[in-house]
Amino acid sequence: MRIIIEGENYENYYAKVHEACRTGLKALFDAKCYGKGYPQYDPEITSFVDIKEVLFQDKEIDLILLTDCWDPRNLQEGFRYRDLEKLNCKKAIMLCDFWSEADCRKEEYEQFIIQNDIDYIFSYMRAPLHLYKDLEVYDRIIWYPPCFDPHIFNDWACEKKYDVGNLNAGIYDRTNFYPERYIIHQKLLQMEGITYYHEKHPGTGLLCSETHLIGKSFSEAINQCKIFFTSGNLQYRNFAPKFIEIMASKACLFANEPLDSEIIGLIDGVNYVKVDENNIEDKIRYYLAHEEERCEIAENGYRLAFEKYSCYAQANYIFNQLVNRSKMNKKRREQND
């Protein structure tokens with residue numbers, strides 16, 4: 001399968017999930033990236049057709065994945081390049097922070113998808129599968145969970161220096177999106193008899209690879225903790241990238257229960273520990289006192305991460321999803337005929 005992945009190079013972006021997705025696709029398929037920061041990028045090019053010729057010459061492609069060319073703040077601007085309709089392939093768009101991109105403006109987003117003949121919407125989160133059920137484009141949504149690159153997130157066999165770790169946005173400054181993180185941070189600061197590792201979130205945007213707590217150094221920091229906390233927003237209950245990164249770094253994941261946890265594969269007390277602001281202190285004390293249980297949960301979470309959410313497993317998953325959708329669409333057309 002030949003794939004064009006259009007979007008800026010995120011290798012040095014603070015969130016490693018975006019480039020991990022591309023790493024998996026490039027490893028399993030004939031997938032090539034095009035955008036600022038990639039070797040073949042040419043700022044003079046203005047057409048998707050020209051991009052295809054640069055990457056694949058006269059060969060046909062099967063899919064173009066548009067990762068950051070749609071600006072949600074101004075739908076009228078559309079895509080960064082012209083002539084998308086001239087590409088003879090399936091077209092997919094990546095939906096990441098849906099709460100800012102396409103939550104309150106669902107109908108406008110739907111028209112954008114229809115007008116540009118987008119075949120698939122790859123959604124990192126599960127919430128759009130519930131929020132968009134009334135839209136005509138609902139059957140174009142494919143869950144494409146966050147993934148991780150095992151060369152960045154893994155069990156680095158670090159010494160467990162800390163009982164609890166917490167490196168989340170919103171723990172130092174209370175936000176409306178993650179108020180629970182600030183509350184829990186305050187509780188953990190008051191807990192006696194534990195070692196608590198916390199630092200301010202590194203921020204957003206493009207950062208150099210040597211920045212503290214970015215990439216492998218972030219995984220190593222997690223790996224030094226027996227327990228690591230995160231949350232996925234209480235309104236949307238997102239299965240956020242950090243859930244996977246914590247499990248892949250072999251710390252015991254403490255988190256709120258994500259939406260559709262049974263589909264995700266998370267089971268309380270088996271491969272993660274379900275917590276909230278009212279019970280986290282008691283659960284920390286219990287699992288610190290019961291090392292064997294805690295280590296087994298961390299091991300099961302580690303196994304789940306690598307079996308289902310590595311960038312390579314996700315590339316296989318998305319290929320199977322596309323094959324199944326193609327079969328479904330073919331069957332639907334035959335029935336309509």
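This is a predicted model: local features need pLDDT of at least 70, side-chain atom pairs count only at pLDDT 80 or more; totals for chains, interfaces and linings use all residues.

Residues are numbered from 1 along each chain as its sequence is written, and side-chain values use heavy atoms, with hydrogens and water left out.

**Sheet.** I looked up the strand order. I found an open sheet of 6 strands, β2-β1-β3-β4-β5-β6, with parallel pairing. (Strands are DSSP runs of E, at least two residues, and helices are runs of H or I, at least four, numbered from the N terminus; two strands pair if DSSP finds at least two bridges between them.) The edge strands, β2 (30-34) and β6 (141-143), each pair on one side only.

I then checked one pair. β3 (residues 63-66) and β4 are joined in the parallel sense over 4 bridges. Ile 64 has Lys 91 of β4 as its bridge partner.

Next I asked which strands helix α2 touches. Helix α2 (residues 48-56) packs on the sheet against β1 (2-6), β2 and β3. (Contact means heavy atoms within 4.5 Å.)

**Pockets.** A pocket is an open set of points on a 1 Å grid over the protein atoms alone, where a 1.4 Å probe fits, with protein on both sides within 12 Å along at least five of seven lines; lining residues have an atom within 4 Å of a point. I noted that 48 residues line the largest pocket, and that Tyr 14, Ala 15, His 18, Cys 96 and Asp 97 are the closest to its centre. Helix α1 gives the largest share of this lining, 4 residues.

Key: Axes are lines fitted to C-alpha atoms, for helices over the stretch in contact, and angles run from 0 to 180 degrees between N-to-C directions.
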